[in-house]
Amino acid sequence: MTDLKPDLSGSGPRQIAARLDRLPVSRWHWKLVTLVGLATFFDSYEIFMSGILGSVLKKPWHLTSFSTSLLVGAPFFGMVFGAIFLGMLSDRFGRRQLFMYNLAAYSLLGVVAAFSVNVEMLIALRLVSGVFLAAELILVDTYLSELLPRTARGRLISVAYAIGFLGTPVVAGLGGLLIVKTHFLIDGWRWMLLAGGIGALLVFWLRRHLPESPRWLAERNRPQEADAVVSEVERTVERQLGRSLPEVQPAVLAPVKKIRFRAMFRPPYLKRTVMMWIFQITQTVGQYGFASLATLILVSKGYTIQSSLLYTAVSFIGAPVGALLAVPLVERVERKHLIIGGLVLIAVAGIVFGNGTSAAVIVIAGAVITVCNSVVSSAWHIYQAELFPTQVRSTASGVAYSLSRLTAGLLPFGALAILDDFGPTLVFVVAAVITTVTCLDLAILGPRTNGRNLEAVAGTGDRATAEPVPQRSA
């Protein structure tokens, strides 16, 4: 019989987690959230720009319904591969390296895409851009969840996504100003692509000093490096707060156990894997469908491109508002319940938007959708990063996320066909039915996570508590 042994080194996985979780929130945490959150801006930017490009280029480039759908869906198809394979690489080679490489690649591709000579070239470049953009979002969830203290994890990640959701009204506003005109002999839509690429390059430079995730280092049997990162963070936080840090709660020294991806298909993770896959396939219709198709839907109602962009720009002011609203809610309301409530409101507001005939009704319904979308998205990104162990966190999230991107890529083909044949009302009725499936999936299969540390939630099944669970050493 063996005895429990305390981790006296302070660099074992459980002790590293305990040291990070007990840190008070400081300027270091806010800087981290800001720098990482800037990456989420480009996801919002890309999603909404897809609909704009499809609307603006349809006539001058003589696009068919198929080529328009392919142009809108191209980044999402790329995200399928990026979420799976680059997510796996981040579990293998580290969070920081992938953070740097994929944003640099996305920046370069955005600049090159601005000089596309035909629709085939533009589709190909946006397809590859999507590969690197998907990995960025997976890493945001993984990286922040592994570095932020558990009591503030939800609200701080919500702040990161509030920064990102500023991209939606920005791109809508830029579209209204730039998209239908030529500036300095360059078409407006090309300027939008250039702005995204140059902006990503700036964020790449600002993030060059981000540390590696110490939780990942500890799980990879690199305790000295993990200890060095956490020690530097502790010194910085202590200096910024001007007081001593709380004592570290003792943790049990346990050997690092190798966890492979196939474990996601066995208890206790099987139910979570099934829940995430169903959720990611179905939630896309309610969340990303509106963002990528809103402009096309308004044009189908008879509005001009300029008017459609104006109405969607005003509606999408709700995106950062919803993300800020999520900041206090994600810690006070159980995350799965918050997601379900937001999805129900999205379904109802979508039907109103589809039937709306006046500008006021369209804008108000659109604003409700974007507010709720932001709340749901912020809560879900926190939630999915809490469900699986560190060693496979990016891989498990990435594979599930790829299903969402695949659905988003296919969505324009089905939605535009329904829109052309039956009108916008049926588009949103179908979306409401699918959203109901999403809510039932999460309500039945989703575990509770609020206030629990990552190791407890991921390591002991649905009955996990906030406290480390004692394990006997080998």
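**Close-up 1. Ile 351 lies in helix α14, which spans residues 335-355.** In this predicted model, Ile 351 is partly exposed, with a relative accessible area of 32%. The most is given to the nonpolar patch by helix α17 (residues 424-445), which supplies 4 residues.

**Close-up 2. The largest nonpolar core of the chain has 119 residues.** Those with the most contacts inside this core are Leu 32, Val 36, Leu 144, Ile 339, Phe 353, Trp 380 and Leu 442, while helix α2 (residues 27-57) provides the largest share, 16 residues. When neighbours within four places in sequence are left aside, Ile 339 is in contact with Phe 279, Val 376, Ala 379, Trp 380, Tyr 383 and Leu 442.

**Close-up 3. Helix α4 covers residues 95-113.** From its first C-alpha to its last, this helix of 19 residues reaches 27 Å, close to the 27 Å expected at 1.5 Å a residue. Among the buried residues of α4 are Arg 95, Phe 99, Asn 102, Tyr 106, Ser 107 and Gly 110.

**Close-up 4. The chain as a whole, with its 18 helices and 2 strands, gives the setting for these views.** Of its 474 residues, 60% are buried, and the accessible surface comes to about 18,800 Å², with 67% belonging to carbon and sulfur atoms. Among contacts with a separation of 6 or more, 85% are between residues 24 or more positions apart.

Conventions
Residues numbered from 1 in each chain as written. Predicted model: local features only at pLDDT ≥ 70, side-chain atom pairs only at ≥ 80, totals over all residues. Heavy atoms only, no water. Buried < 20%, exposed > 50% of the residue type's maximum accessible area, 1.4 Å probe, protein only. Expected span 1.5 Å × (residues − 1). Core = buried A, V, L, I, M, F, W, Y, C linked by side-chain atoms within 4.5 Å. Contact = heavy atoms within 4.5 Å. Areas by Shrake-Rupley, 256 points an atom, 1.4 Å probe, with all protein chains shown as cover.
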